[in-house]
Amino acid sequence: MTRLISRWNYQNWIIESHYDDYEDLRQYFPDKSDNRKEVTATNGGFQYYFSSEEVEQASEMIKLRANELLTEFKSPVRCGELSRSWSIQYDKGGWQALHNHAEKYKIISCVIHFDTNESDNTSDGAFYAVLPEVDGTNHLHVFPYWAGKLIVLEGNVYHGAYPTTSERDIMVFDYRMEI
């Protein structure tokens, strides 16, 4: 399943899809290591930032898939150079505060999930995003996760993750936006 969700005259957008080779990326996860130098939106988990060299091959694979999706939806933008990348390993109870990744219209963010929510509660650990509309209303979108889920979004979109009842892993790649 692949779908596009957009608001604000297509200036805020999210593509929900799948990345078949997600297991190839698991090799990049450190053993519950955290190298944050400042406070982030991650709570109850380990966040590890990668150097561009550490994830060069993985970055190119995700960029290729993201650009395929952007082309499919006839987007005028593409993922360019890798800006930064990190992994998050959530413990039980871990969650992500509402945040965004970028200066407006400068970053495309890609989030890959490595686990499937086995709970009957589809919000358990789910990615969520708040998309504003030009009339001032806001739309909350919740994205239940499964292994291999890929979310591609304009980096200025505010998003987070609900508390999880199980350990789970994600990777994030932020790319410079190219027109």
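A pocket is found on a 1 Å grid over the protein atoms alone: it is an open set of points where a 1.4 Å probe fits, with protein on both sides within 12 Å along at least five of seven lines, and its lining residues have an atom within 4 Å of a point. Its volume is the space filled by probe spheres set on the points, which are joined across faces, edges and corners.

This is a predicted model, in which local features need pLDDT of at least 70 and side-chain atom pairs count only at 80 or more, while totals for chains, interfaces and linings use all residues. Residues are numbered from 1 along each chain, and side-chain values use heavy atoms, without hydrogens and water.

The largest pocket holds about 380 Å³ of space. It is lined by 28 residues, and Gln47, Tyr49, Trp86, Gln96 and His101 are the closest to its centre. Strands here are DSSP runs of E, at least two residues long, numbered from the N terminus. β4 (78-99) is among the strands that each supply at least two lining residues, and its six residues are the largest share.

The second largest pocket has a volume of about 300 Å³. Its lining has 16 residues, with Tyr10, Trp13, Ser75, Pro76 and Val77 nearest the centre. β1 (3-7) and β2 (12-18) each supply at least two of the lining residues.

Turn now to one more residue. Valine 134 lies in the loop between β6 (127-132) and β7 (138-143).

Note on methods: Helix = DSSP H or I, 4+ residues; strand = E, 2+ residues; numbered from the N terminus.
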